[in-house]
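Please keep the sequence and the structure in view while reading.

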Amino acid sequence: MPIRLYNTLTRQIEDFKPLEGNTVRMYGCGPTVYDFAHIGNYRTFLFQDVLRRYLRYAGYELRHVANLTDVDDNTIRNSQAAGMPLRAYTDKYIEAFLVDRQLLNIEEPEFLVRATDCIPDMVNLIQALVDKGFAYSSEGSVYFKVAAFPPYGQLTHVDFSGVRAGARVDTDKYDKENARDFVLWKAAKEGEPFWETPFGPGRPGWHIECSAMSMKYLGETFDIHSGGSDLIFPHHENEIAQSEAATGKPFVKVWMHAEHLIVNGEKMSKSLGNFYTLRDLINKGYRPSAVRYLLTSVPHRKPLNFTFDGLHQAQQSIERLRNFRFRLTKESFPAGESLTLQNRALEARQKFEAGLDDNLNTAEALGAIFDMVRDGNTAMDRGEFRDGDRGAFLDTLERWDRIFAVLEDDDHAKLVKFGFLKPSTATADSAATAGTDTVKQGVGNGQPGSGLVENLSDEEIEKLIGERAAARRGGNYARSDEIRANLLKAGVILEDTKAGARWKRK
Ligand SMILES: [Zn+2]
């Protein structure tokens with residue numbers, strides 16, 4: 001079945017097919033790097049990640065561009081407040097964004113592009129608009145003439161034909177009621193960074209950046225453009241106007257938007273104290289994999305209500321999946337195979353694929369995999385599972401994880417790698433007790449059972465478990481119990497299963 005995607009432009013679900021060959025050319029609006037990205041931003045970036053992963057899963061090649069807005073009203077304002085040059089200021093947040101992406105298993109797009117590296121492309125595009133009569137200069141700035149482009153409003157589905165000619169807006173963000181000629185190039189202001197151009201010194205407006213960067217890498221018409229639903233107006237509407245006026249061709253075939261995220265039923269805002277970056281959650285002891293799971297679990301066109309309870313449940317859901325995979329790979333089963341069970345695994349695969357085919361319905365895809373896990377566990381507990389059934393279940397599970405990317409238990413290693421946890425220098429004897437003391441922040445003030453990340457490396461834990469197994473073999477149960485208790489203190493739970501000891505972090 002073809003992948004079907006909801007297109008904001010046509011307001012319909014459409015069968016997806018790339019415009020040319022087997023390659024999907026897509027553009028996702030990236031972060032404005034003036035601060036740490038918040039979890040609402042990551043909801044959108046994770047939706048884009050599910051989209052790209054599933055397109056690849058379906059056999060398409062990708063040419064995916066994501067931008068970094070490193071010059072706009074916000075970046076300039078904040079860099080000035082910090083007393084730093086714009087480039088150095090935005091470098092810091094780009095670096096943080098790249099780390100966050102790795103923590104959340106967000107794949108690298110084929111092109112990650114800084115706006116300030118594409119200024120000449122923006123200038124050329126503005127020049128083309130001026131030459132064709134779609135733009136005009138006023139007091140050193142250049143504006144797009146909305147009245148000269150009658151299709152304006154096609155994405156927002158609003159008739160803007162009454163927009164007063166000559167009324168202008170200089171800010172990048174404004175609402176539909178204030179629609180008017182918008183700024184393409186802003187005249188240089190005292191103390192602001194600027195570039196010399198044929199229309200005078202200045203810097204680009206936000207909207208022209210994405211038009212120029214997307215068409216530079218993807219051509220004048222491409223397949224998919226995506227972002228948060230708050231970008232539909234004015235950002236994406238303006239992108240369409242600028243691009244189509246300049247080229248005379250359709251800009252984008254499918255527009256996709258992720259709905260907003262709320263926290264405990266309320267709009268996320270700093271003033272309400274419910275504003276979270278990924279770092280805030282890590283410092284509270286939550287794991288990036290749980291954040292990824294939670295933010296991808298709700299289909300992108302539905303609002304997502306973020307709660308700490310939901311985050312805790314996400315952690316438990318991941319644990320169920322990892323436990324099941326552990327059983328599949330480590331437990332011993334009687335020889336033979338069961339076609340019924342293998343068909344069950346195949347059916348789950350078809351169901352999760354059908355869910356994702358349906359406009360990336362991640363909730364359906366999750367439901368399908370958990371039904372399979374439940375049936376697989378039941379069959380194992382009843383002794384019906386056969387050695388030859390492993391492959392079919394593992395295959396479905398691993399296919400599913402190519403999209404959801406939460407099965408690998410690597411949060412701890414990544415948090416150490418990026419400096420959120422200090423590498424432990426503990427010895428095998430003291431490691432288990434030392435662990436809880438060296439966590440940078442957050443442990444102890446998280447909610448009970450909140451999925452706290454402890455600071456004992458996987459290798460150290462494995463070493464202690466090996467030592468415990470040796471102690472048990474030698475009949476030294478006191479030592480075995482001591483190691484188990486020490487691990488527990490460090491937040492590591494040991495389970496003795498038929499397949500051997502399995503550990504997990506609390
Ligand atoms: Zn954009």
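Which side chain does a polar contact of 2.8 Å join to that of Gln-342? The partner is Glu-337; a polar contact is a pair of N or O atoms within 3.5 Å, where within protein one must be able to donate a hydrogen and the other to accept it, and residues adjacent in sequence count only if both atoms are side-chain atoms.

## Basis of the model

This is a predicted model, in which local features need pLDDT of at least 70 and side-chain atom pairs count only at pLDDT 80 or more, while totals for chains, interfaces and linings use all residues. Residues are numbered from 1 along each chain as its sequence is written, and side-chain values use heavy atoms, with hydrogens and water left out.

## Overall architecture

The protein chain contains 16 helices and 17 strands. Helices (H or I, at least four residues) and strands (E, at least two) are DSSP runs, numbered from the N terminus. The C-alpha trace spans about 85 × 55 × 35 Å along its principal axes.

Of the 506 residues, 55% count as buried; buried means under 20% relative accessible area, exposed over 50%, and partly exposed in between, with a 1.4 Å probe and protein chains only. Among contacts with a separation of 6 or more, 76% come from residues 24 or more positions apart, where contact means heavy atoms within 4.5 Å.

## The zinc site

Three residues coordinate the zinc ion at 2.1 to 2.2 Å: Cys-29 through SG, Cys-210 through SG and His-235 through NE2. Along the chain, these donors follow the spacing C-x180-C-x24-H. Cys-210 belongs to helix α5 (residues 206-218) and His-235 to helix α6 (residues 232-247), so this pair ties together parts that are 25 residues apart in sequence. Donors are N, O and S atoms within 2.8 Å of the metal (3.2 Å for Na, K and Ca); water is not among the atoms, so sites may look incomplete.

Cys-210 counts as buried at 1% relative accessibility. His-235 is also buried, with a relative accessible area of 1%.

## The sheets and the hairpin

Five strands form an open sheet with parallel pairing, in the order β5-β4-β3-β11-β12. At its edges stand β5 (111-114) and β12 (252-258), each with a single partner strand, so one side of each is left without a neighbour in the sheet. From one strand to the next, the twist averages 20°. Helix α3 (residues 86-103) packs on this sheet and touches β4 (61-68) and β5, its direction making about 155° with that of β5. Axes are lines fitted to C-alpha atoms, for helices over the stretch in contact, and angles run from 0 to 180 degrees between N-to-C directions. Strand β11 (residues 222-228) pairs with β12 in the parallel sense over six bridges, and Ser-226 has Met-256 in β12 as its bridge partner. Two strands pair if DSSP finds at least two bridges between them.

Elsewhere, strand β1 (residues 4-7) and strand β2 (residues 12-15) pair in the antiparallel sense over four bridges. These two strands form a hairpin with four residues between them, and Arg-11 in the turn has a positive phi of about 55°. Asn-7 has Gln-12 as its bridge partner in β2.

The 19 residues of helix α10 (residues 339-357) should span 27 Å at 1.5 Å a residue, which agrees with the 26 Å between its end C-alpha atoms. The expected span is 1.5 Å times one less than the number of residues. Gln-342 lies in α10 and is buried, with a relative accessible area of 16%. Leaving aside neighbours within four places in sequence, Gln-342 is in contact with Glu-337, Gly-388, Asp-389 and Ala-392. Other elements cover the buried residues of α10, including β1, α1 (39-57), α11 (362-381) and α12 (390-404). After α10 comes Asn-359, whose phi is positive, near 55°.

In helix α2 (residues 73-82), the residues Asn-74, Thr-75, Ile-76, Asn-78 and Ser-79 are buried, and what covers the buried residues of α2 includes α3 and β10 (202-204). At the start of α2, a side-chain oxygen of Asp-72 reaches to within 3.2 Å of the backbone nitrogen of Asn-74. Gly-83 follows α2 and has a positive phi, near 65°.
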